[in-house]
Every structure is written in C-alpha cells, then in structure tokens.
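Subject: Structure for you to look at

Hello,

Here is the structure I said I would pass on. Please open it and keep it beside these notes while you read.

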Amino acid sequence: MGYKIAVVGATGNVGREMLNILAERQFPVDEIVALASRKSQGTEVSFGDTTLKTKDLDTFDFTGWDIALFAVGSTATKEYAPKAAASGCVVIDNSSLYRYDPDIPLIVPEVNPQAVHDYSKKNIIANPNCSTAQMVVALKPLHDRAKIKRVVVSTYQSVSGSGKDAIDELWNQTKGMYVPGQEVDPKVYTKQIAFNVIPHIDVFMDSGDTKEEWKMIAETKKIVDPSIKVTATCVRVPVFVGHSESINIETEEFLDEDEARDILRESPGLMVIDKREDGGYVTPIECVGDFATFISRIRQDVTVENGLNLWCVSDNLRKGAALNAVQIAELLGREVLKKG
Ligand code: 2RA
C-alpha cells in the first residue's frame with residue numbers, strides 16, 4: 001500500500017521536477033494528482049511514463065490525501081496549504097512562507113531528519129531555500145567533526161531560481177546580442193543578465209543584505225546550529241540551471257584539508273570531485289539533472305587559525321527544491337506515516 005500524493009503547482013519548473021523525481025525514485029504512489037491554477041487546468045504534465053492532466057487547485061478537496069508537495073508562491077501557499085493541512089494531508093511546502101515559523105520544521109534530510117517528528121503541530125513541513133539546502137549538506141559533517149563557528153558564502157545563482165520568465169529573459173537577451181533585429185529593449189529589465197552578473201536576489205532589507213542573503217543566514221541557523229555566524233553575498237549569474245557557491249568556513253577545532261575531503265567524501269548527498277588539475281572540479285552545467293551536491297576546491301584558509309575553503313555546486317531545481325521535498329516525503333513515510 002502506498003500514498004495518495006498531490007503536487008501543487010505542477011506546471012512550474014519545480015512542480016514538474018517533483019513529478020519527475022517521484023517517478024525516478026519510485027516513491028510508493030497509490031494515487032497522484034497534479035494541481036494548478038484554474039487557467040492552467042487540463043495542462044498535460046509527465047509523471048514517469050504517464051501523462052497527467054492538471055486539476056483545479058481552487059476546487060480540490062485534500063480530504064483522504066496523504067501528502068501534498070507545494071511548489072507555488074507564498075500567496076497561493078497561504079490560501080491553500082492550511083486547507084490541505086486541516087484536511088489531514090501533510091503539506092511539504094517549497095515557498096518561504098513557513099520556513100521561519102518555530103512550530104514548523106525546516107528540513108534537509110541529510111542534516112536534521114529528526115525534525116520530521118515535529119510536523120504534527122501544524123501538519124506542515126517547510127523546504128529550505130535552494131541556496132541554503134546545498135550549503136548545509138556540506139556544512140553538517142564538518143560541523144559535527146570540528147564545530148563550525150563562522151561561514152562566509154558567495155553564491156553564483158542560476159536564473160531558473162527565479163522562474164520560467166527569467167530563463168526566457170536570459171535566452172532572449174543572449175539571442176538578441178547575436179541576431180540582428182532581435183535585440184531586447186533595455187527598458188524592459190532593470191539590469192542585463194546576459195554576459196553580466198547581478199549582486200541582487202529578492203528585495204533589499206534595512207541591514208543592506210538582500211532577503212536571499214538573510215534567508216541563507218536564518219535557515220542555516222535553524223537547520224544546522226543557531227550558534228553559527230553566517231554572512232552571505234548572493235549573486236545572479238547567466239546560467240540556466242545550477243547554483244554554485246564559494247564557501248569559507250572557520251571551525252573551533254583545526255581540520256586539515258585532507259581530513260575534510262575524506263569526511264565530505266563519506267557524507268550523504270555529497271559527491272567530491274577535487275583534483276588540483278585542469279577540469280578537476282565541478283561546474284554548474286555538469287550538475288544539472290543530478291541528485292548530488294558536488295564539492296570541489298577543498299583547501300586550507302591559512303589567513304585564519306582554523307579555516308577551510310570549498311566550492312559547492314548543485315542543481316537548484318533538484319536538491320535546491322524538488323529533490324529535497326521528495327526526500328522529506330520519503331522520510332515522513334519511513335519514520336511517521338509508515339505506508340508503502
Ligand atoms: C532564487 N533562491 O534563486 C531563490 C529562489 N528560488 O531566485
């Protein structure tokens with residue numbers, strides 16, 4: 001016996017990946033429904049070798065359904081997630097709406113699986129921000145071994161992190177640079193992303209950080225350890241899929257680069273590709289479609305007493321969103337619902 005699963009936002013980048021990953025990982029599904037807005041009703045989406053037609057989220061009754069994977073914005077989540085949760089369907093939400101609620105667990109299964117037992121307070125579990133998820137998978141084993149006290153991270157985030165329109169924008173701007181007559185009017189965007197980088201993701205806060213940077217700080221503290229000091233600079237780069245991060249770590253105890261490499265090699269969810277030679281590292285194009293978070297460029301930071309630098313790359317639609325949500329569903333099934 002398996003689960004009755006709903007994917008909410010099934011026509012978006014993340015929703016489609018959730019369906020792909022549920023099928024790829026052969027999640028025990030008794031019944032599955034793809035939900036979307038009324039205007040998208042009837043849109044065909046793939047679930048393994050089958051095709052589903054989306055149903056209208058607005059009129060859907062979640063009663064009797066086991067798990068709902070939400071991949072819609074905070075506004076729609078705010079309207080529909082409580083209804084699903086109240087009907088007894090456990091919500092796993094990819095928006096930022098519930099991540100900072102003390103009564104709602106924020107989970108990366110390789111890092112804090114035990115938090116799944118806290119879901120019943122509101123019948124909702126939160127999925128972290130994509131840039132946080134890949135980073136904490138790398139931080140956790142090093143924190144367990146040498147207690148991390150400070151993290152300085154710079155991100156190089158692909159445009160798919162902000163949705164389908166951003167993918168089209170990069171494509172059209174790039175094409176417009178080469179195809180006469182297809183130039184994109186500079187008035188239609190704030191900053192050009194093609195052949196450029198933009199140090200601004202989400203809104204600016206009073207501190208001068210952007211909300212994306214604040215999310216990485218707040219979520220790392222909630223998922224790994226509130227004592228870790230984190231500072232982040234989040235940058236949008238002209239890459240379609242795949243977030244990259246340069247992570248500098250200071251630990252309480254000394255941890256040399258070789259031991260760090262061995263620890264990371266043995267840790268769940270990580271793939272270490274780290275040779276000090278041409279091509280001895282991973283780039284975002286190579287991580288697309290993979291489940292793993294890749295780690296390269298592991299080396300001592302000799303400017304401080306106990307410092308390490310590393311390069312972290314992952315498919316932001318997978319580990320950064322859809323895969324982590326499906327892994328939470330697997331964890332929930334294994335540890336709590338115990339069907340299938
Ligand atoms: C981004 N992390 O990359 C944000 C939301 N997915 O745009």
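The notes below cover the domains, the contact between them, and some side-chain pairs.

This is a predicted model, in which local features need pLDDT of at least 70 and side-chain atom pairs count only at pLDDT 80 or more, while totals for chains, interfaces and linings use all residues. Residues are numbered from 1 along each chain as its sequence is written, and side-chain values use heavy atoms, with hydrogens and water left out.

The protein chain splits into domain 1 (3-128 + 321-337) and domain 2 (131-316); these bounds come from an automatic or database domain assignment. Between the C-alpha centres of the two domains the distance is 25 Å. Domain 1 puts 21 residues into the contact and domain 2 puts in 20, where contact means heavy atoms within 4.5 Å.

About 1,600 Å² is buried between domain 1 and domain 2, with 63% of it from carbon and sulfur atoms. Buried area here is the accessible area (1.4 Å probe) that two parts lose on being put together, summed over both. On the domain 1 side, Asn13, Tyr100 and Val111 supply 35% of the area buried against domain 2, more than any other three residues.

One interaction to find across this interface is a salt bridge (a side-chain nitrogen of Lys or Arg within 4 Å of a carboxyl oxygen of Asp or Glu). Glu219 and Arg99 form a salt bridge through their side chains, at 3.2 Å, N to O. Helix H1 (13-24) and helix H8 (318-337) each give at least two residues to the side of domain 1 that touches domain 2; helices are DSSP runs of H or I, at least four residues, and strands are runs of E, at least two, numbered from the N terminus. H1 has the largest share of that side, 3 residues.

Another is between the side chains of Arg318 and Glu17, at 2.5 Å, N to O. Arg318 is in helix H8 and Glu17 in helix H1, so this pair ties together parts 301 residues apart in sequence.

Regards
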